[in-house]
Amino acid sequence: MSSLYQDYLVEPRTFSDYEDFKKNCRLKTKKDFNFAYDVIDRYAEEFPGKRALVWINDCNEEKIFTFDDISAESKRAAVWLTSKGIKKGDTVMLVLRRRWEWWVLMPALHRIGAIAIPATDQLLESDIEYRTNAAGIKMIIAYENPIVQGEIEKAMPNSPSVKYLVTVGEKREGWISFHGEYENCKAEFPKPQGEAAVHNEDPMLLYFTSGTSGYPKMVLQNYDYPIGHIMTARYWHGVVEDGLHLTIAETGWAKATWGKLYGQWLCGTALFVYDMNMFKPARMLEMISKYGLTTFCAPPTVYRYLVRQDLSKYDLSKCVRFTTAGEALNGEVYNKWLEKTGKKIYEGYGQTESTIICGNFMDTPVHPGSMGKPNPLYDVEILDDENNPVPNGEVGELCIHVEKAHPFGLLIGYYKNEELTAKTFNGNIYHTGDNVYMDDEGYVWFVGRTDDIIKTAGYRVSPFEVESILQKHPSVMECAVTGIKDSLRGMAIKATIVLSPSYASKDLKAVETELSTFARENTAMYKVPRVFEFVSELPKTISGKIKRNTIREKDNS
């Protein structure tokens, strides 16, 4: 066996069922664990030629990397990064979509002890400017998309911490060429010692994630974070030795580290990366069939499109397990998929702040729409507002106890925000902000956010961010952004707007078009409202706060 995950199990063995798994599956770390040295380099040394990554794009270009390749190229990249002054603790943003270089640069940053900040290519000038200043970003590495790089350039006058802009692909004026420089570096990078040594508790990874008020939060993970994803990959995704796994996610989102890097490699399976310009259901099914994928994970939105295809045209027989997360899976989609393929879809739930928290682990029976059962890694309990447990069937907040120990994979805190960290871990309990209930069989069911976050097609969107954009338009006097049920996306973004007097007499359809265009020009596409409603006033509390829940209740009644 050439997978390494059992080295990090307290009791390395096969678990007979969920109850055995829940009771006995525990993880451990090693001193100064570092994914680059202890996983990638170890595979390269002990299992030469072991496949790590299969990468293709829409032009049918294909690259296959072994762990020997990833080890050498990430060392070469680490040498290059340090030549630019990147050192332990520095923050580096990666805007690389699904370019194969991401799998070289992430471990390169881990080798140094720098903090990686994966980011989506949908960010615009204001998004980038906020991130560079909030995290003190020193370098931005982006692929050669002129629109993406143009937005980054527009943010630079107000981003004083950024010292280097690096392009991956075609050369661009004012940018350093990654390939033009790193390929000339030696593939030798010894593990840092002394003050430069990297330790388990050091910050490794930072994600920006939307909240319901203020700007995105900065979720910080340490060097033990990858170990927590053994639970994600082995026991939920069900990856197999020397298999080929695909999680549909762009590298700017935390789902990429859930399904496109850490747990999968720890568990000995290779990654399949399809660098697509646009999701096409038929093309995706062709890839699963042609490359013989063994495990597959996608948000429910993707399954809604896939199940509408003629699935009899594709060979899905090698795929032993299909999984989904991001929102509840509709029972109708689950049943149609099972009917057409004979395969179940195993659901899971977690956050940017965590690894998988609940899921259909191993062969746990699937109850469509349920998040599954708790991950043994987390001491999960459903609590009321006073932190008291609620009985089965009663709604409460899903919480994780951390009194005894801080579990692998749970954030170490919000970067540069001690107040928010203390609030989130109030009472030595991590508060997820998600309302759920547990049934008598131990399955957890999602009810809604304790706040107003919107989950649309797998993305998390803060109402505050969208409202802030819309309120810059002269037509908007007041607005409230909420989620509304959508058959394809799960939730669609809705803007309820009170028009300013100068627009009150204008054609509403024309105003809607103007607002939609304005939003598209000023924020990421996934944040643009798809539904507009114009009202004379918004529902508010006595203190003047907008009651988004009243709008949601009206829309869903």
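This is a predicted model: local features need pLDDT of at least 70, side-chain atom pairs count only at pLDDT 80 or more; totals for chains, interfaces and linings use all residues.

Colleague: How many cavities of 30 Å³ or more does a search of the whole structure find?

Modeller: The search finds one cavity of 30 Å³ or more. About 40 Å³ of space lies in the largest cavity.

Colleague: Which residues line the largest cavity?

Modeller: The lining consists of V95, T120, D121, L123, I128, V148 and I152. By class, five of these residues are nonpolar, one is polar and one is charged.

Colleague: Where does R111 lie relative to Y37?

Modeller: R111 lies over the face of Y37, at 5.0 Å from the ring centre. In another such arrangement, the charged end of K455 sits over the ring of F446, 5.6 Å from its centre.

Colleague: On to rings, then. How many aromatic pairs are there?

Modeller: A search of the whole structure finds 30 aromatic pairs. In one of them, the ring centres of Y8 and F33 are 5.4 Å apart and the planes stand at 75 degrees, so this pair is edge-to-face. Y8 lies in the segment before α1 and F33 in the loop between α1 and α2, so the pair ties together parts that are 25 residues apart in sequence.

Colleague: Are Y8 and F33 buried or exposed?

Modeller: Y8 counts as buried at 4% relative accessibility, and F33 counts as buried at 0%.

Colleague: Which residues do ring pairs link into a cluster?

Modeller: Ring pairs link F35, Y43, F47, F67, Y225, Y262 and W265 into a cluster.

Colleague: Last topic: what is the phi of N60?

Modeller: N60 has a positive phi of about 65 degrees although it is not a glycine. N60 lies in the loop between β1 and β2, and N60 counts as exposed at 56% relative accessibility.

Colleague: What about N387?

Modeller: N387 also has a positive phi, near 65 degrees. N387 lies in the loop between β17 and β18 and counts as partly exposed at 25% relative accessibility.

Methods
Residues are numbered from 1 along each chain as its sequence is written. Side-chain values use heavy atoms; hydrogens and water are left out. On a 1 Å grid over the protein atoms alone, a cavity is a set of points where a 1.4 Å probe fits but cannot get out, and a pocket is an open set with protein on both sides within 12 Å along at least five of seven lines; lining residues have an atom within 4 Å of a point. Grid points are joined across faces, edges and corners, and a volume is the space filled by probe spheres set on the points. Ala, Val, Leu, Ile, Met, Phe, Trp, Tyr, Cys and Pro count as nonpolar, Asp, Glu, Lys and Arg as charged, and the others, Gly among them, as polar. Helices (H or I, at least four residues) and strands (E, at least two) are DSSP runs, numbered from the N terminus. Buried means under 20% relative accessible area, exposed over 50%, partly exposed in between (1.4 Å probe, protein chains only). Rings of Phe, Tyr and Trp (its six-membered ring) pair if their centres lie within 6.5 Å; planes under 30 degrees apart count as stacked, over 60 as edge-to-face and the rest as tilted. A charge sits over a ring if NZ of Lys or CZ of Arg is within 6 Å of the ring centre and within 35 degrees of the ring normal.
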